[in-house]
Amino acid sequence: MDIKASLAGEIAKAVGLDGAEVLDMLETPPDPKMGDAALPCFKLAKTMKMAPPKIAEEIMGKLQKPEYIAEIRVAGGYLNFFYDKTFYVKTVMGEVLAAGTDWGKAKIGAGKTIVIDYSSINIAKPFHIGHLSSTAIGSALYKIYSYLGYDVVGVNHLGDWGTQFGKLITAYKHWGSDDEINKNSVSAMLELYVRLHKEAEQDESLNDEGRAWFKKIEDGDEEALRIFEWFKELTLNEAKRVYDRLDVQFDSYAGESFYNDKVGAVVDELKEKNLLEESDGAYVVRLDEHKLPPAIILKSDGATLYATRDLAAAKYRHQTYDFDKNLYVVAYQQNLHFKQVFAVLEKMGYGWADKCEHVAFGMVSLEDGTLSTREGKVVFLEDVLNAAVEKTLAIINEKSPELENRAAIAEDIGVGAVIYSTLSQSRIKDITFSFDRVLNFDGETGPYLQYCHARCNSVVERAGERNAKMDYSVLENDEAMAVIKLLESFPQVLVSATEKNEPFYVTRHITDLAQACNKYYFEHKIIDDNEEQTNTRVALTKAVRDVLKRGLSLLGIKAPDKM
RNA sequence: GCGCCUGUAGCUCAGUCGGAUAGAGCAACGGCCUUCUAAGCCGUGUGUCCGGGGUUCGAAUCCCUGCAGGCGCGCCA
C-alpha cells in the first residue's frame, strides 16, 4: 500500500480538500526524529484565515487517526505524522520480500515504445572517454525503461558518412599498410588520419584527393566501398569489445549512411510544403517564429547536411517504431541543432515532434584541455577500463588472495567503477577526466556498492536456508527504518529517473541504500541464536542485496557475489 | 553582440514541488578488526549557496540584473 497517499486521502477527507492536492503538499521532514511525513500548513492560512499552527491543530482535531499512524504532533506550522513502526515495517517488508529480485518492476510502459539514440560512435575514430557519457547514460535509460515495461529500441547512430572517409582512403592509399591496419585497426586509421591533416597543410591537393574519394564512395565505386566497409568492420569489431564489457546492446546500427537514400524525400517534402527558401545559394528553413536561426538543409553545392539526415532519421524512426518518446543522448554542444531539427519537424506538420527530446549531457575534457581526435589527443575508453581492472586485480590480490575467479571479479569491479563515475552526477555537468578520480575506489563509488552487495550476500549465505517465521519488531530501530524507507521508495525513483531521463537518480538512491545498510550492519548483529529475529534481519539483508544488484544492473554494473 | 547551460565546504558534487538546523564523498586528523567481508564504520569543521535587487509567511531553489566559466550561433558532424 502507499501509506503517504492513503494518509493524504484521510487528511483531505477531514479538511474537505482534494486528495491529490494534499498528497502534493505532504513532504518528508529533514530529520526522521521530526516524523515520517509532514504537512506544512502555511499555504492553507489564506483560505482558512488562521495562523498555520492553529490550522495544524484544527486538522489534527478533525482527523481520525488511521491504523498506520502512531502519533501526530503539531510543530510550528507543520503537522508531523509518525508512522506506526510495527505496521509500517511489516507492510513494506511484506511487499519487498514478495517481489524479491523484481522489486520495482512495473508495467507502466506496456504498449509504449521508447527510441533511444546513444553512443553513436564514428567509424575509423577511437572509442574514447568522450563517448562514455552517451553510452552509459543511454544504456542505463534503455535498461530502466525496459524494466518499467516499455518497448525500447536502442539505436547506435553511426557516424559513417562524410568527406573524412575520403580523406582517410587518401591517406591509406599514400601511406597505409594492410597488415598494420588489420593489426592495429582504429589506432592505425587514426594515425593515417592525423598524418593526412598534417601533410595537407603543406599539400592542398591531398584534400582534393580526399573529396574525390568520398565522391567515389557516394557513387558506389567498388574499390572505395570495399575499403570503406573494411574500415567500418574493423571499427565495429573493436567497439563491440567495449560494448560487451560495458553490457551495452543496440537494436539498430542505422547510421548516417543508412539515411543517405532517404534525405531526398525529405528535401522534396520540404519543397512541397513551401518551407524551403534559397539563401546565399544554400537552401534553408526559416525558424523565426521559434526565435531560432534558419536550419540549413542543402549546401550551395546541393549536398545535404547533418540536419537533413537527422530529419530523415526522425521520420524513419517514427514510421518504423511509432515511438512515444524519441530520445537523443547527445552532448549539449548540439542543443541548437536539435532545437532546429525539432522545430522543422513541427513546421512540417508532425504532431509527434514534441515526442522528440534531446537528452543533453556535459562535455568531457582532459586536465590539460579539450579532447582532439585530429591532434591525436585522446584517451581510449578501453585503456581506462584496462587500468581500472588492473588496479582492482592488485587490490584483490592484496586483500583476498584466496578468492576464486579473481580475473572475472576484477573485470566486473573495474568496469563498474568506470561506469559509476560517469553516472554519479547529473548528466548536464561537465567532466574533467582524471585517472585518479576514476580509479578511486573509496567512498561513494561503484566498488563501494558492489562491496556492500557482496557483504550482504555473504551474510545471507552464511545464514543458510531460513524459514518464514518473522519477528518484525526487531527492525523497529532507526538504522533499519532508514534502510526500509529507501527500499520502499526504490520503485518511485525508477519512475522519476525515466521522467527526467536521469539515470543518476538511481545511482544516488542505491548509494544511499548502501550507506544506510552499512550503518545498520555496523550497529546490529544480523545472525544470532534467536531464530525469528535472525530470519527477519536476514530477510532485510537479502532485500538490500537484491535491490542493490537490481539497481546496479539497471546502470550496467555487475554485482559479483564475492569480492 | 545574441542564445543556451553552469556557478553550493579546500576539491568533486547532492539538494526532484519554494518549507523546519544547506548535506555527502574526497582530502586532513583521531578512533574501531577475538564477533556476520575494514573496498567498511564512527568522530573532529569549514559555507558571502557567485554579487545585487525583487516576489513570498518562507528562497540555494522563482523573477530581474550584474559577474565568472563552458558551449553554440549557414553551408563540419
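Colleague: How many helices and strands are in chain A?

Modeller: Chain A has 20 helices and 13 strands. Both are DSSP runs numbered from the N terminus: helices are H or I with at least four residues, strands are E with at least two. This is a predicted model, where local features need pLDDT of at least 70 and side-chain atom pairs count only at pLDDT 80 or more, while totals for chains, interfaces and linings use all residues. Residues are numbered from 1 along each chain as its sequence is written, chains are lettered from A and ligands numbered from 1 in the order written, and side-chain values use heavy atoms, with hydrogens and water left out.

Colleague: What box do the C-alpha atoms of chain A fill?

Modeller: Roughly 85 × 65 × 40 Å, along the principal axes.

Colleague: And what percentage of chain A is buried?

Modeller: Of its 563 residues, 51% are buried. Buried means under 20% relative accessible area, exposed means over 50%, and partly exposed is in between, with a 1.4 Å probe and protein chains only.

Colleague: What about the contacts in chain A between residues at least 6 apart in sequence?

Modeller: Of those, 74% join residues at least 24 apart. A contact is heavy atoms within 4.5 Å.

Colleague: How far apart are the mean positions of the positive and negative charges?

Modeller: They are 3 Å apart, for 67 positive and 88 negative charges. Lys and Arg count as positive, Asp and Glu as negative; His and the chain ends are not counted. Each charge is placed at NZ of Lys, CZ of Arg, CG of Asp or CD of Glu.

Colleague: Now single residues. Where does Met470 lie?

Modeller: Met470 is in the loop between helix H17 (446–463) and H18. At 27% relative accessibility, Met470 is partly exposed. Not counting residues up to four places away in sequence, Met470 touches Leu97, Glu532, Asn535, Thr536 and Ala539.

Colleague: How far is Met470 from Gln533?

Modeller: They are 6.5 Å apart, C-alpha to C-alpha, and 63 residues apart in sequence. Gln533 sits in helix H20 (residues 531–555). Beyond its neighbours within four places, Gln533 contacts Asp471 and Val474.

Colleague: And Asn518, buried or exposed?

Modeller: Buried, because its relative accessible area is 15%. Asn518 lies in helix H19 (residues 504–523). Leaving aside neighbours within four places, Asn518 contacts Tyr448, Cys452 and Arg455.

Colleague: I'm checking backbone angles too. What is phi of Lys49?

Modeller: Near 55°, a positive value in a residue other than glycine. Lys49 is in the loop between H3 and H4. Lys49 is exposed, with a relative accessible area of 73%.

Colleague: What about phi of Asp280?

Modeller: Near 50°, again positive in a non-glycine residue. Asp280 is in the loop between strand S6 (276–279) and strand S7 (282–287). Asp280 counts as exposed because its relative accessible area is 79%.

Colleague: Last one. How far apart are Ala51 and Glu390?

Modeller: In space, 64 Å, C-alpha to C-alpha; in sequence, 339 residues. Ala51 is in the loop between helix H3 (44–48) and helix H4 (52–62), and is partly exposed at 40% relative accessibility.
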